[in-house]
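Let's take a walk through this structure together. Have a look at it below, and then we will start with its aromatic rings.

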Amino acid sequence: MQGTVDGFSYGAVTPLVAYLMACLGGALGLRCTTRSLLVTHSWRPAWLALGSAAIGSGIWTMHFVAMMGFAIKEAPIHYDKPITYASLGLAIVMVGVGIFIVGYRGATGAALFTGGTITGLGVASMHYLGMAGVHFHGHFTYNTLTVAASVVIAVVAATAALWAAGRVRGFMWSVGASLVMGLAVSGMHYMGMAALGVHLDGTPHAAGGAPEPSVLAPMLIGPLAFLLLAGIVVIFDPLMIMGRPVPMPVEQKPGVPAAAVASHPERRPALHEGGRPVRRAEHHASRTPQNR
């Protein structure tokens with residue numbers, strides 16, 4: 001028996017909020033990735049990891065906010081929590097692999113293609129693994145061509161986002177890129193849902209409908225709290241807004257010999273409190289006539 005699917009049980013509320021969550025995660029992740037390219041190598045992994053977690057959490061939150069409006073009219077829906085949380089971990093790990101590739105190899109050529117493909121496959125895998133955690137008296141079927149289209153959307157969106165992270169420096173440009181990324185991720189989600197078919201096992205014994213918000217809300221608290229903390233980090237880091245590189249000490253700049261670094265402080269004249277240079281004793285000695 002075929003089931004009747006309603007993806008918009010709460011009207012436009014869930015798609016709009018889901019889109020905003022995708023934009024938020026994308027914006028935070030893009031700024032963190034951009035920030036990682038402006039610091040020394042010792043800090044780069046931390047910023048890339050934060051960006052990966054922000055994008056993964058944003059995409060996962062977007063998916064399950066949208067799923068609040070998903071209903072099967074003939075059967076109640078339940079969620080398998082281990083599978084649901086596994087989809088979150090999968091999203092963060094695969095997005096992280098793509099971001100680290102671009103963060104260390106640059107947003108060009110093979111690195112961008114590889115990183116974008118891995119990240120896009122991670123987004124699509126998160127979606128379909130999350131759908132595997134939806135339990136009801138029946139099973140899902142999928143249209144192969146529509147599923148393939150959703151995966152292509154995810155890969156293209158991820159590649160464009162990584163390119164923006166590596167190339168775009170301005171804050172407003174990053175915001176614009178995150179809006180496009182949110183639209184692409186939401187489009188991937190609803191394209192995947194359009195591929196969905198529901199087959200019920202036997203005659204339904206209970207009325208269906210959208211799950212209560214209290215079912216999914218507890219699972220969303222953790223990722224939402226993380227996005228809030230990541231947002232605080234971004235807001236209070238001025239380089240996130242200015243996009244200027246961190247000034248590096250002379251000894252850390254490439255191409256500066258160690259001998260030049262060691263002798264550099266010795267060549268700088270000492271200053272009085274008023275800013276006037278102090279004359280060295282050897283300078284006076286050189287002006288004194290020598291006794292022969």
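**Rings and helices**

Searching the whole structure turns up nine aromatic pairs, where rings of Phe, Tyr and Trp (its six-membered ring) pair if their centres lie within 6.5 Å. In one of them, the ring centres of W60 and F64 are 4.8 Å apart and the planes stand at 50°, so this pair is tilted; planes under 30 degrees apart count as stacked, over 60 as edge-to-face and the rest as tilted. Both residues belong to helix α2, four residues apart, about one turn of the helix. Helices here are DSSP runs (H or I, at least four residues), numbered from the N terminus.

W60 also pairs with Y85: their centres are 6.4 Å apart and their planes at 15°, so these rings are stacked. Since W60 is in helix α2 and Y85 in helix α3 (residues 81–105), the pair ties together parts that are 25 residues apart in sequence. W60 counts as buried at 0% relative accessibility, while Y85, at 40%, counts as partly exposed. Buried means under 20% relative accessible area, exposed over 50%, and partly exposed in between (1.4 Å probe, protein chains only).

Elsewhere, one aromatic cluster is formed by F70, Y128, F136, F140 and Y142.

Now turn to T14 in helix α1 (residues 13–36). At 6% relative accessibility, T14 is buried too.

Finally, a word on the background: this is a predicted model, in which local features need pLDDT of at least 70, side-chain atom pairs count only at pLDDT 80 or more, and totals for chains, interfaces and linings use all residues. Residues are numbered from 1 along each chain as its sequence is written, and side-chain values use heavy atoms, leaving out hydrogens and water.

Key: Helices (H or I, at least four residues) and strands (E, at least two) are DSSP runs, numbered from the N terminus.
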